[in-house]
Amino acid sequence: MKKSLYIVLGGLLTLGFVSCEPEFDNPVTDEGFYTSGDADLSNYVAVGNSLTAGYADGALYITGQENSYPNIMAQQFALAGGSEDFTQPLMSDNLGGLLLNGTQVAQNRFVLAADPMTGEPLGPVVLEGTPTTEVTTSATGPFNNMGVPGAKSFHLVAPGYGNAGGVASGAANPFYARFATSGNATVLGDAVSLNPSFFTLWIGNNDILSYATAGGAGVDQTGNLDPSTYGPNDITDPNVFAAVYSEQVSALAAGASGGVLINIPDVTSIPYFTTVPVRSIPLDSPTAAAVNEQFALYNTQVLPSLVAAGVITSEEAAARTVSFSAGQNFPIINDDDLTDVSAVLISLGLDEATANLLGQLRQANNDDLVVLTAASVLGTLADPNNPLSIIGVAVPLADQFVLTAVEQERVATASAAYNATISGLASANGLGFVDARSALAQVANGGINYDGGLLTSEFVTGGAFSLDGVHPTPRGYAYTANLIIDEINKTYNATIPNVNIGNYGTITLANNVSN
Amino acid sequence: MKKLLLLSVFALAAAVTYAGGYRVSLQGNKSLAMGHTGVAIVNSSESVFFNPAGLVYLENKLSITGGAFGIFSDVAYQNTQTGASAQTDSPVGTPFYLYGSYQATDWLAFGLGVYTPYGSTVEYEDDWAGSHLVNNIDLAAIFIQPTVSLKLSEYFSVGGGPIYVTGSVNFNRNLNRTLTDLDGNRSEVTVDATGVTNWGWTVGAMFRPTENLTIGANYRSEIILDAEDGDADFENIPNSPLTPFADTTFNASLPLPAEMTVGLSYEFCDKWLFAFDFNRAFWDVYDSLDIDWADENIPDSVNPRNYKNASTYRFGLQYDATKMFTLRAGYYFDESPVTEGFFAPETPRNDSNGYTAGLTVNISDHLQIDASFLYLHFDEVNASYEGYTENGQVVPFEGTYKSSAFAPGLGLTYKM
């Protein structure tokens, strides 16, 4: 009797300690719930530039890298049979700056500061702190994420681009120097050495973007087939792009089950070019009249005489006419696509300073794009001791702050050529193709609905772009990851789930000084 | 801009889980074994809780019974749209009870009960998909109830008493879906309140028209736990005037709803007893959980719950197998008080079916061992919580939930 009692009690106790885990009929974690279709996701390698690296807020830092689109995708891939081990060359901290032999060579990330008294946002400021990521302390590459901030298309195949010894002279890239497998390695070679089973390639942005962000203060190298002669802000020749891009696609696709190529967005979709209004100079009526008085002689005598002398056309003279009025005004700018008339003006008897001032001067117009960094310059004094040296009114805004219509046209022409190459190679090789250009245009014009609101390109508040105005936020990268996942599902008959972009953050709030 | 950020940053949830909201129906091993019936059963001092009117019919001068349960309860979550999944790793809950009754005269009995009818412990993995609603929660409430039972006739008795409640709550969640500090640590808040007390009451009646039939009714009042000056601990908050969060205190109210039970028991074939209870829990008092921060810079947290009144149907059977063994079994259907669109992961309760069994071993004339177990079955349910907002826009938290619960219990009864 007692024995049976113990059996019953023991049985009850045992039942109590048996775990009764709740289980779904079809758990999402089960193999086969999500599928990769014809794609083999066991070894995904991402190749590209800062966008692929997860660069944001003007820097590369750990949490940004964790929210890179390749890393977001890799986590979703893991649900569909992909590897759980997607490696990235993580930085050493969340400050983002870089040291080269102890000297800082890349600035820390931007954060959004606010006035401690009023609580009003002040705008992006560079986060204080001494970075700990040293270029010469190499991370052991190669990595699944082969995104190299700053890389242009031809850099990916350039030996020595990761040679730490070449960083100081600008011959090598400090980010790639951290994890290049050798001083002679190429980004493409390191990527291919991983034997990717699947790849994404997003390169070519910097081939136009550095020209654009520099306000066109570079050279359009179309026609020059030797990239070793290019300056950092030049536009890459489309044939050079096509050649190296084709080489990259062939090399990556050779052993892979598939891949996705992503094209180049328009600069006009990026807040760096759309945030600062061109009409940025507020003047009241008396001031406008006074300033106009300063330019009266220039408008009514200098310009007509230049036309009469055949130095400029009457159209150019009209474009160079300066006129202010009460309200918001276009600033005066230097435009290096105008005829440089300084020598002529000197020969006509103008003093050198005035001649140089007027040499390539005109007033901006609605076709110009003023870059984000101009915001801290416009309306300030070029000479702090001269109250009349207001930039945009008396002193022209420098060329590097304005992307003129002519310069935009060069960018658009080159990027259209690159994009034709990209989509052409995608279809020729049966690869997936993501039209990031159209997608970003949609973010910029109308926005993308998500469960927490609207994703737009509005600087600071739109959610898509980080505080450098060029690179996406984690939410922007998550949106990008979804675009690529959708394309993989379509092209390779896969069923990889999207992420909810509302779960991804945007900008980081922080004041450097405690309040 | 500032306002926008503030709005986007807040909407707090706090509270609990298990058994019809956060009601934990485990108030006695004998009763639980019979589907947690008892409003019309006279066999132990468990009646202090189930129906004080029954105490006066107990045969023994003194009857003391006590015990505890181990709740093994977990919840799994998944979202097939995103592939997100989570499973709680909740510690074992241990509700307990201790009841005593003393027969003062033929028509008067006194009783005392200490029991834990509300509580919950749910622990999700930190920063899981629903971490903006809850990371973990621990709610406990102890009821202390002095009781008097009066026999008005051979057929009819009444009973009741005041209830003193002391409760505590500890709750952690992330402030929203995205706010972090510079190192990416999610901004979170922990609210903690202990020693929250209040009074309530219970009253019951019992009618025994024949030797075999007993009819009972019991009502337990609503008790509101008003947490005052609880501690709110904000962590991983960015250093920015745009985030006004700083450690502070808070006031909040958590209702323990009133419950009414009617039922009957019927003895047949000498050794058999059948019991049926119908519970009605008045959950509609749980309309919204509002947290009022002492720091006025932090917007109050308003969290709609919109609970509805819910019923439970309980059936139990008892068989006196031998002088030594009494066997019991039961079943109940427990209707969830959660309404559509307000399925919050801290109380992930859909309708459930409870299967119970147990036995009493008569060690001697004075001592019994009571054992029971409960298996609570939940169907998979697709549900959403639509009380969370960002930028003034409702952001539903959707997914599939599957709960499981298993509760073995053990107790002792002493009588003389």
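Which residue in strand 8 of chain A stands opposite A:Ala46? In this predicted model, the residue opposite A:Ala46 is A:Thr200. The two strands concerned are strand 1 (residues 44-48) and strand 8 (residues 198-202) of chain A, which run parallel and are joined by five bridges.

This pair belongs to an open sheet of five strands in chain A, with the order 7-1-8-9-16 and parallel pairing. Strand 7 (145-147) and strand 16 (432-434) of chain A each have a single partner strand, so these edge strands are left without a neighbour on one side. On average, neighbouring strands of the sheet are turned by 15° against each other, direction ignored.

In soluble globular proteins, nonpolar side chains tend to be buried together. Here the largest nonpolar core has 148 residues, and A:Val47, A:Leu252 and A:Ile484 are among those with the most contacts inside it. Helix 16 (residues 474-492) of chain A gives the most to this core, with eight residues. Beyond its neighbours within four places in sequence, A:Leu252 is in contact with residues including A:Val47, A:Phe199 and A:Leu201. A second, separate core has 87 residues, including B:Trp283 and B:Ile291.

Between the chains, 42 residues of chain B are in contact with 48 residues of chain A. On the side of chain B that touches chain A, strand 2 (72-79), strand 18 (352-362), strand 19 (367-378) and strand 23 (397-415) of chain B each supply at least two residues. Strand 23 of chain B gives the most to this side, with six residues. By class, the side of chain B that touches chain A has 17 nonpolar, 18 polar and seven charged residues.

Conventions
Residues are numbered from 1 along each chain as its sequence is written. Chains are lettered from A and ligands numbered from 1 in the order in which they are written. This is a predicted model: local features need pLDDT of at least 70, side-chain atom pairs count only at pLDDT 80 or more; totals for chains, interfaces and linings use all residues. Two residues are in contact if their C-beta atoms, placed from the backbone, lie within 7 Å. Helices (H or I, at least four residues) and strands (E, at least two) are DSSP runs, numbered from the N terminus. Ala, Val, Leu, Ile, Met, Phe, Trp, Tyr, Cys and Pro count as nonpolar, Asp, Glu, Lys and Arg as charged, and the others, Gly among them, as polar. Two strands pair if DSSP finds at least two bridges between them. Axes are lines fitted to C-alpha atoms, for helices over the stretch in contact, and angles run from 0 to 180 degrees between N-to-C directions. A nonpolar core is a set of buried Ala, Val, Leu, Ile, Met, Phe, Trp, Tyr and Cys residues joined through C-beta atoms within 7 Å. A residue is buried if 20 or more other C-beta atoms lie within 10 Å of its own, exposed if 12 or fewer, and partly exposed in between; C-beta atoms are placed from the backbone.
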